[in-house]
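Let's take a walk through the inside of a protein.

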Amino acid sequence: MTAFTATPAEDNPAALAAGPLAGLKVLELGQLIAGPFAGKTLADFGAEVIKVEPPGSGDPLRQWRMLHNGESVWWQVQSRNKKSVTLDLREETDRAIARQLAAEADVLIENFRPGLMEDWGMSYEALAAGNPRLIMLRISGYGQTGPYRDLPGFAVVAEAMGGLRHLMGEPGRPPVRAGVSLGDTLAALHGVIGVLLALQARQRTGRGQVVDVALYESVFNCMESLLPEFSAFGAVREPAGSALPGIAPSNAYRCADGQVVIGGNGDSIFKRLMTAIGRDDLGQDSTLAGNAGRAARVDELDAAITAWTVQRPVSEVVDTLQAVRVPVGRIYTARDIAEDPHYKARGMIERIVTASGLALDVPGITPKMSDTPGAIRSLAPGLGEHNEAVLGSLKRS
């Protein structure tokens, strides 16, 4: 892990050229999480991302959660590698400038309510008339069409409508949520996939297109067999705590000083797990040789595993099962992540020094590319930091 201090992009043209998306110009009009996370991902891999923020306040994320010198440390992750310009899109004069920026862009990202871009005279049809190669990524709660399109939709609602929230928690108790905005992030990643697909199509057709991403659909797309099981059998999957319903054994298990997660659901892995916990009788039971038999007796298997883990500290359980190649892991906190040698060896923890002098650990780049890796090339920008560099060039053109 090495300290990183950003070099201004204009002083480091080689850094701008790095990454598989070098040369791609992205105009980011969204705010908060879903749209900007998509922009961040494209920027990490070399795209030039121009982020438009309202004057004075900027993106609300600048003030979310824990602040240092008045600015969120989250901002340093979400907006790295971007340029910031300030435009008040409620004003026609500033919208005209945004339209000029869109005319020069490859990709436009927006996550406003459906219809707002049209109200502003910035529909895809209007923008594509002057830039037919433009790809517009539109992220919203329910998509650009359908009876719910005009309803407000945040990640919390999308996770519920997409089927995820019902499954989270213990049976018979109110559902819980993960402490992060999964719906937003899943939508952003689906948006990035859509942009890359649209770029590939543009190589053949020469035309851009709209990528319409709904938060609830992005969640629903990850729900595995939820719908087919209902369609075929009328089965409504219910919450199952930390277990993975129908796949056994796979759960969180109490130890003498904490908990671990164990995935012993592969056929050969199950036998090694049973041997490790001294239950060869179960490992050699022919009725447990396949997942269907194990799922039918999941409570018995979980009880046998817990009887072994609860007598041992987490470290012993992990070491014992790793030695026989059974998937097992501690339940990490932020401290565990920050101190883990594998995270560091993989470059997933990078140290930056912010403009205010704060040394800050931030998530590294993923996925890993062998020939054209992503990189943190510049710090998250100050509000309007690139007004002259970006907007001044429009005035001069």
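About 30 Å³ of space lies in the largest cavity. This is a predicted model, where local features need pLDDT of at least 70, side-chain atom pairs count only at pLDDT 80 or more, and totals for chains, interfaces and linings use all residues. Residues are numbered from 1 along each chain as its sequence is written, and side-chain values use heavy atoms, leaving out hydrogens and water.

A cavity is a set of points, on a 1 Å grid over the protein atoms alone, where a 1.4 Å probe fits but cannot get out; its lining residues have an atom within 4 Å of a point. Grid points are joined across faces, edges and corners, and the volume is the space filled by probe spheres set on the points.

Who lines the largest cavity? Its lining is Gly141, Tyr142, Gly153, Phe154, Val157, Ala158, Met161 and Tyr216. Helix H7 (residues 155-161) gives the largest share, three residues; helices (H or I, at least four residues) and strands (E, at least two) are DSSP runs, numbered from the N terminus.

Now for the packed side chains. A nonpolar core is a set of buried Ala, Val, Leu, Ile, Met, Phe, Trp, Tyr and Cys residues joined through side-chain atoms within 4.5 Å, with buried meaning under 20% relative accessible area (1.4 Å probe, protein chains only). The largest one has 37 residues, of which Val26, Leu42 and Leu137 touch the most other members. Helix H9 supplies the largest share of this core, six residues.

Technical notes
On a 1 Å grid over the protein atoms alone, a cavity is a set of points where a 1.4 Å probe fits but cannot get out, and a pocket is an open set with protein on both sides within 12 Å along at least five of seven lines; lining residues have an atom within 4 Å of a point. Buried means under 20% relative accessible area, exposed over 50%, partly exposed in between (1.4 Å probe, protein chains only).
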